[in-house]
Amino acid sequence: MFTPATAEQRFVLEHIVRLAEISPEAGEMMDPVLEGAGEFAAGEWAPLERLGDTEGPKWSENGVTMPAGYADAYKAYVEGGWGTIGSPEAFGGQGLPVSLSIAVLETLGTANMGFALAPILTVGAIEALAHHGTPEQQAFYLPKLATGEWTGTMNLTEPQAGSDVGALKSKAEPVGDGTYRIKGTKIFISFGDHDMADNIVHLVLARTPDAPAGTKGLSLFLVPKVRTDGTFNDVRVVSIEHKMGLHASPTCVLSFGDHDDCIGELIGGEMGGIRAMFTMMNNARLNVGLQGVQVAERATQRAVAYARDRIQGVRADAPAAIVEHPDVRRMLLRMKAQTQAARALVYYAFGQLDRGHAGDAAAKARVELLTPLAKAHGTDLGNEVASLGVQVHGGMGYIEETGAAQHFRDARITPIYEGTNGIQAADLVGRKLSMDNGGTLLGLLAQMRDEAEDGELLRLIDACEEVARNLLSSDTDDRLAASYPFLTMLSVAVCGWLMEESGRIAARSEGDPVFLKMKAATARFYVEQIVPEAMGLKAAAMAKADVLYSIDAEAFAA
């Protein structure tokens with residue numbers, strides 16, 4: 001029940017990202033990369049999805065063992081060079097645009113969402129080391145990470161420090177030779193241990209002696225599972241979590257330095273941990289938005305197949321598949337439109353990231369603005385589409401054997417990790433709205449207004465500007481109270497702009513008539529039915545915070 005979304009990826013890369021403008025070489029390689037990734041994912045990763053959900057990784061005192069077939073499938077990924085596409089050429093990668101490499105990640109994650117977390121986290125580790133590592137660290141670790149031969153992790157959360165990263169207590173004591181002795185416990189570490197690679201490179205936030213409290217006192221450390229001399233580095237898996245979904249990904253509790261022999265190297269300078277970690281986290285946030293696309297695509301494919309096969313009721317006096325009933329068609333078209341909208345938003349953000357890397361300052365600012373939208377709205381849509389997928393299946397959607405429930409369970413974590421979607425909304429109205437005194441956002445809205453044609457879309461764009469100007473002069477509580485409805489309004493407006501343009505392009509393009517007809521229909525559905533819904537959020541986005549504090553905390557239990 002998996003078909004690579006190659007035609008849709010090609011359309012978005014060509015017309016929304018405009019990949020050939022970023023890199024003519026990547027434009028030429030796009031088709032073979034997309035087709036090859038699709039064949040690989042269908043043959044190697046998709047068949048393991050159900051096993052990963054039902055059996056999952058197993059923990060013992062010797063570490064984590066992945067389900068049967070996973071180590072071989074990961075080895076095939078490494079040998080196929082799929083991890084090298086966007087990695088730096090200087091360290092064995094192909095140096096192609098990130099926006100092409102994430103199309104491969106989308107395909108892998110659509111085939112097997114939990115499994116694809118391993119390369120996603122490795123990409124983040126590569127980003128952190130490429131920007132903040134020493135030449136020696138880069139030379140030793142990046143070639144192994146670039147191929148995927150070694151995997152990477154991200155270690156922030158502790159039992160007492162979740163979203164409040166500044167509360168973490170892990171310690172880093174200088175050894176005297178430039179290295180540090182790491183001690184502490186980290187939780188919720190995706191792929192913190194497994195048996196698919198010879199080494200795992202942990203990037204760990206910890207606090208050096210006499211460092212100030214809060215985030216200013218944090219430093220980032222490179223802590224390999226196996227040291228450069230081949231010896232074990234005193235990093236132990238205490239347990240793995242029993243989760244609602246995403247079962248193929250081992251979520252580990254890691255203990256560093258149980259025997260006072262865990263050695264780490266500083267990355268990015270002492271007390272530069274947050275700056276270095278955010279290089280990794282911003283990449284991860286865009287990739288979590290991409291996970292929303294992955295789960296939405298797979299849920300949509302499964303729902304469409306079921307709706308075409310399931311015979312219930314009559315149409316024109318004859319038994320009919322449920323796809324013929326108007327409300328089922330409404331759900332399916334909404335699923336396809338929301339999936340395509342999420343893909344357009346996330347791919348567009350990655351395209352701006354590539355342009356920013358090439359020196360385009362305006363694009364660099366725009367991707368900063370778009371990151372909370374891509375992460376939050378992309379994952380909200382993944383959840384909506386997965387839920388609709390269960391509904392299309394009816395009672396069978398609630399039965400695990402159909403697979404629809406797995407997508408619903410897998411999707412639910414995505415609005416939570418890598419910064420909850422509420423934190424993304426706070427980031428939007430805090431740091432991102434204020435960029436260039438509002439100029440970055442207002443510039444985007446001006447471009448959207450110039451190019452949009454539909455009256456409801458233009459009305460939504462104007463409403464977003466009105467809300468944005470109001471929030472720029474509002475106090476902190478009022479901004480935060482309005483943050484989530486504003487994020488959703490703005491995201492729908494951006495998606496509407498991109499979808500409307502996609503529909504215009506599809507109408508004048510030559511190619512597969514079935515694909516282009518569906519593309520035009522989803523664009524029309526999005527602009528006509530989803531865009532107007534977002535106008536209903538304006539009242540909440542303009543409201544003050546006082547109603548939220550008109551009662552005390554005890555009243556919530558009334």
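A disulfide is a pair of cysteine sulfur atoms within 2.5 Å. By that rule, the structure holds 0 disulfides. The structure is a predicted model, in which local features need pLDDT of at least 70 and side-chain atom pairs count only at pLDDT 80 or more, while totals for chains, interfaces and linings use all residues. Residues are numbered from 1 along each chain as its sequence is written, and side-chain values use heavy atoms, with hydrogens and water left out.

With a relative accessible area of 0%, cysteine 495 is buried.

The helices come next. Two packed helices are described by the angle between their axes and the distance between the axes. Helices (H or I, at least four residues) and strands (E, at least two) are DSSP runs, numbered from the N terminus. Axes are lines fitted to C-alpha atoms, for helices over the stretch in contact, and angles run from 0 to 180 degrees between N-to-C directions. Angles under 35 degrees count as roughly parallel, over 145 as roughly antiparallel, 65 to 115 as roughly perpendicular and the rest as oblique.

How do helix α1 and helix α16 cross, and within what distance do their axes come? The axes of α1 (residues 6-17) and α16 (residues 476-508) come within 11 Å and cross at roughly 105°, so α1 is roughly perpendicular to α16. Phe11, His15 and Ile16 of α1 meet Leu498, Ser502, Ile505 and Ala506 of α16 in this contact, where contact means heavy atoms within 4.5 Å. Sorted by class, the contact of α1 with α16 has 5 nonpolar, 2 polar and no charged residues. In this sorting, Ala, Val, Leu, Ile, Met, Phe, Trp, Tyr, Cys and Pro count as nonpolar, Asp, Glu, Lys and Arg as charged, and the others, Gly among them, as polar.

Helix α9 (residues 273-309) packs with helix α12 (residues 404-411) at an angle of about 165°, and their axes are 10 Å apart. That angle makes α9 roughly antiparallel to α12. The crossing of α9 and α12 is left-handed, meaning that the near helix is turned anticlockwise from the far one by less than a right angle (clockwise would be right-handed). On the α9 side the contact is made by Val295, Arg298, Ala299 and Arg302, and on the α12 side by Ala404, His407 and Ala411. The residues in this contact of α9 with α12 divide into 4 nonpolar, 1 polar and 2 charged.

Helix α16 also meets helix α14 (residues 439-451), with axes that come within 11 Å and cross at roughly 35°. The crossing of α14 and α16 is left-handed. Leu441, Leu444, Leu445, Gln447, Met448 and Glu451 of α14 make the contact with Phe486, Leu490, Ala493, Val494, Trp497, Glu500 and Arg504 of α16. By class, the contact of α14 with α16 comprises 9 nonpolar, 1 polar and 3 charged residues.

Several single residues complete the picture. Lysine 144 sits in helix α8 (residues 135-147) and is partly exposed, because its relative accessibility is 29%. Not counting residues up to four places away in sequence, lysine 144 touches Glu149 and Trp150. Lysine 144 and valine 201 are 57 residues apart in sequence, with 9.9 Å between their C-alpha atoms.

Threonine 215 lies in the loop between β6 (200-207) and β7 (218-224) and, at 39% relative accessibility, counts as partly exposed. Its neighbours within four places in sequence aside, threonine 215 is in contact with Gly166 and Ile274.

Aspartate 427, in helix α13 (residues 421-432), is buried at 6% relative accessibility. By contrast, aspartate 436 is found in the loop between α13 and α14 and counts as exposed at 61%. Aspartate 436 has a positive phi of about 55° although it is not a glycine. Phenylalanine 188, in strand β5 (residues 179-190), has a positive phi of about 60° although it is not a glycine, and at 52% relative accessibility counts as exposed.

Key:
Buried < 20%, exposed > 50% of the residue type's maximum accessible area, 1.4 Å probe, protein only.
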